[in-house]
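Here is a walk through a protein model, one stop at a time. Keep the structure open beside you and find each spot as we get to it.

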Amino acid sequence: MQRSVSSLSLSPSVKVKLVNAGFQFTADLLHVKPLQLSKETSLSQLEALEVLQAVRGETGGGDNGAGGGGGGGGASSSLTALELLQKEEELRSIVTFSSQLDAALGGGLPVGKTTEICGAPGVGKTQLCLQLAVDVQVPQCFGGVGGQVVYIDTEGSFLLQRVVDIATAAVQHCSLLVEDDEQQVAMATFTVETILSNTFLVRCHDYVELLAELHLLPDFLSNHPKVRLLVIDSVAFPFRQHFDDLSQRTRLLNGLAQQLISMATSHKIAVLMTNQMTTRLRGGQSQQVPALGESWGHAATIRLLLHWAGPQRLANVFKSPNHMGATVRYQITSEGFRDVDQSEQPPSKRARKHTVQMAAAREPSET
Amino acid sequence: MDQLELNPRIIAAVSRAHLKSAREVLCVSGSDLQRVTGLSSSDVQQLLIAAATSCRRHHPIAALVLHRKFDAGLRLSVGCPVLNQLLRGGLLVGGVTELSGESGAGKTQLALQLCLSVQYPTQYGGLHSGAVYICTEDSFPIKRLQQLITDQSLLRSDVPPSLISSLQFSDRIYIEHVADLDSLQVCLSRRVPLLLTRGLVRLLVVDSLAALFRSEFQAADWLERSKQLLTFSSTLHHLSSRFTTPVLCINQVTDFLSSSDDSLGPLSSSVSPALGLLWANQVMVRLMMRRLQVTVAQGDQSSVLRRLEVVFAPHLARSGRDAAVEGEGVLTSV
């Protein structure tokens with residue numbers, strides 16, 4: 001099968017020049033020298049060299065099959081769909097402490113993909129991010145991924161007081177599950193202190209700092225191969241400051257989305273980002289929709305919407321390539337993001353049971 | 001731009017494209033950069049990395065390092081131990097805290113109390129500095145402030161009386177009256193940063209903001225209002241993070257429209273903070289104060305009991321505490 005030149009990852013102007021000079025397929029470029037190519041297509045020598053490197057990268061790889069692959073940088077080989085499936089299955093999802101949410105996500109937060117959480121202020125987006133930042137560190141012998149996390153905080157809501165709550169509860173939960181020696185040994189490396197030391201925090205104060213951090217992140221990830229989760233809380237906040245040119249914002253967001261997807265796949269990390277809600281007027285009716293515009297909707301593979309239904313908190317998976325949209329109930333306790341028990345007990349009593357160390361005078365955590 | 005460690009050829013291409021700083025370079029998307037500078041993609045990559053390195057303020061840092069810093073978990077005490085417990089220590093020193101409620105609920109009372117509590121040393125929950133109080137509506141309640149100052153030793157039994165009497169409270173509260181958005185912006189961009197830079201204040205109170213943003217705009221001007229609100233919020237956030245200073249915004253409430261979305265939380269009251277979702281997204285800690293139906297008697301005076309509630313906060317449970325507004329301040333008698 002001939003591979004057409006327009007499918008290579010080159011800039012559009014270069015592709016146009018190639019096609020205009022008569023180079024339709026990569027096969028046409030196989031035996032051309034850079035100087036010759038640059039003369040015929042009026043590309044600069046450097047561009048011609050890049051084109052040829054891209055072509056050689058594509059054809060030098062494995063067998064051609066239905067699988068895509070090999071896009072980024074042009075130097076990787078093609079993969080079959082079967083190989084891709086096997087690779088995906090090797091990557092464990094990040095299990096939360098909420099089994100219902102894990103089920104809705106198909107096993108947990110998927111590694112190698114981008115996930116977005118949308119919701120109104122106060123519904124629990126940051127709580128879920130903090131929970132996952134701890135959950136990613138759960139040792140493998142407990143069913144976790146045993147990885148580190150990079151947490152990009154743009155709002156200042158990464159509060160150590162809360163992280164310590166969640167970490168303490170996670171450590172306690174795991175220590176109650178210990179059954180064998182391997183798990184006992186693993187608990188020595190899973191303490192509140194180690195959880196904090198494996199969480200890398202970056203505070204970005206505006207969108208330029210965020211963009212800068214994302215350009216430098218691939219390098220950081222290469223130096224820290226144990227990172228399995230990248231959290232950005234939130235993407236919306238810095239980008240919803242006033243932009244004079246909204247199309248510039250869209251282009252920057254598109255570039256950011258591409259970077260995140262490429263980081264997720266090449267470094268095998270799960271990318272989790274939060275978004276705000278905005279009201280949109282449609283023919284007299286106002287509706288709440290995720291912020292950052294329509295095209296941003298394509299940035300994440302999976303989108304989760306957290307919202308209130310009366311006094312209940314609901315999580316709805318409204319975009320997912322694998323699973324049908326599912327809605328689950330959740331609650332935020334002093335220990336973190338949790339399922340709502342099916343029992344008849346009101347949440348307040350349950351929270352009290354778990355948190356025996358808390359002072360007796362403390363009021364119930366959920367009203 | 002010249003300070004970046006790059007091949008001069010790349011720097012020349014960048015200046016030909018009229019990009020003057022690393023920040024400007026980062027604001028242009030990758031493919032646009034290639035087009036505008038005519039550089040190859042690997043050159044553009046180098047350029048972006050160099051620009052990013054110069055714009056980056058801090059490297060990723062392990063949370064444990066922050067946890068061990070002496071001022072980790074710094075809070076501004078509210079002056080009452082029960083209310084502090086509700087807030088797990090007090091106001092956050094970074095980020096915007098909103099206090100909303102109906103008129104007469106006690107918001108200004110609590111704000112005044114904070115202006116005094118900030119002046120104590122950190123061991124007593126203060127920040128050892130003054131406060132700037134921006135009034136947008138009524139004139140500043142100076143008499144009430146004097147009364148609170150006189151009765152401080154009643155409220156703050158945890159502080160030695162000698163320390164209380166040595167503090168010149170009224171000297172360190174800077175009062176600004178602003179009547180419209182323009183003067184608010186001037187105040188926030190000139191006078192407040194000056195006070196902050198000089199270390200004279202470490203608390204910023206805006207009382208109240210709905211007054212400014214509601215009266216100036218008709219419904220049709222919502223685009224302009226949104227822009228102004230975002231600019232204002234951005235200024236507050238920058239001041240707060242740059243000077244690690246708590247910002248308290250007092251807000252009014254509007255009636256909760258039953259037909260609108262359940263968006264902002266379960267209905268615990270029939271009113272919700274003004275300025276809608278756009279402003280709610282900018283707030284890190286949202287508190288509400290309500291008047292209850294119960295009165296509490298003290299001596300021959302009786303006043304209506306209030307309730308301070310946490311609507312949302314990253315580190316606080318949704319909860320509340322009853323409090324009374326006494327002569328010496330807002331407190332919960334245990």
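This is a predicted model: local features need pLDDT of at least 70, side-chain atom pairs count only at pLDDT 80 or more; totals for chains, interfaces and linings use all residues.

You'll find B:Ser208 in the loop between strand E7 (201-207) and helix H12 (209-215) of chain B. What is the peptide bond from B:Asp207 to B:Ser208 like? That bond is cis, with omega near -5 degrees. Most peptide bonds are trans.

Now hop over to chain A. There, A:Asp233 and A:Ser234 are also joined by a cis peptide bond, with omega at about -5 degrees. A:Ser234 has its place in the loop between strand E4 (227-233) and helix H11 (236-239) of chain A.

Most residues other than glycine have a negative phi.

Next up is the sheet.

Strand E2 (residues 148-153) of chain A runs parallel to E3(A), and five bridges pair them. One residue to look for is A:Tyr151, whose bridge partner in E3(A) is A:Leu201. From E3(A), two bridges lead across to strand E1 (residues 61-62) of chain B, and this pair is antiparallel. Here A:Phe200 stands opposite B:Ala62 in E1(B).

That brings us to the interface itself. It involves 59 residues of chain A in contact with 59 residues of chain B. Between them the two chains bury about 5,300 Å², with 58% of it on carbon and sulfur atoms. Which three residues supply more of chain A's buried area than any other three? They are A:Pro121, A:Gln161 and A:Trp308, which supply 12% of the area that chain A buries against chain B.

There are polar links across the interface too: 18 residue pairs are in polar contact. Several elements of chain A each supply at least two residues to the side touching chain B, among them helix H3 (45-60), helix H7 (160-177) and strand E8 (302-309). H10(A) gives the most, with nine residues. Sort the residues on this side of chain A by type and you get 24 nonpolar, 20 polar and 15 charged.

What about salt bridges? Six are counted between chain A and chain B. In one salt bridge, the side chains of B:Arg56 and A:Glu213 meet at 2.8 Å, N to O.

Over all chains, the count comes to 17 salt bridges. Have a look at A:Arg303 and A:Glu116, which form a salt bridge with their closest N and O atoms 3.2 Å apart. This one links distant parts of the chain: A:Arg303 is in strand E8 of chain A and A:Glu116 is in strand E1 (residues 114-119), 187 residues apart.

Last stop: an annotation. UniProt, in an unreviewed entry, places the feature "domain: RecA family profile" at residues 90-277 of chain A. In the model, that span is 49% helix and 16% strand, and its end C-alpha atoms lie 35 Å apart.

Definitions and conventions
Residues are numbered from 1 along each chain as its sequence is written. Chains are lettered from A and ligands numbered from 1 in the order in which they are written. Side-chain values use heavy atoms; hydrogens and water are left out. Contact means heavy atoms within 4.5 Å. Buried area is the accessible area (1.4 Å probe) that two parts lose on being put together, summed over both. A salt bridge is a side-chain nitrogen of Lys or Arg within 4 Å of a carboxyl oxygen of Asp or Glu. A polar contact is a pair of N or O atoms within 3.5 Å; within protein, one must be able to donate a hydrogen and the other to accept it, and residues adjacent in sequence count only if both atoms are side-chain atoms. Helices (H or I, at least four residues) and strands (E, at least two) are DSSP runs, numbered from the N terminus. Ala, Val, Leu, Ile, Met, Phe, Trp, Tyr, Cys and Pro count as nonpolar, Asp, Glu, Lys and Arg as charged, and the others, Gly among them, as polar. Two strands pair if DSSP finds at least two bridges between them. UniProt positions are given in the numbering used here, feature names are shortened, and annotations may be inferred rather than shown by experiment.
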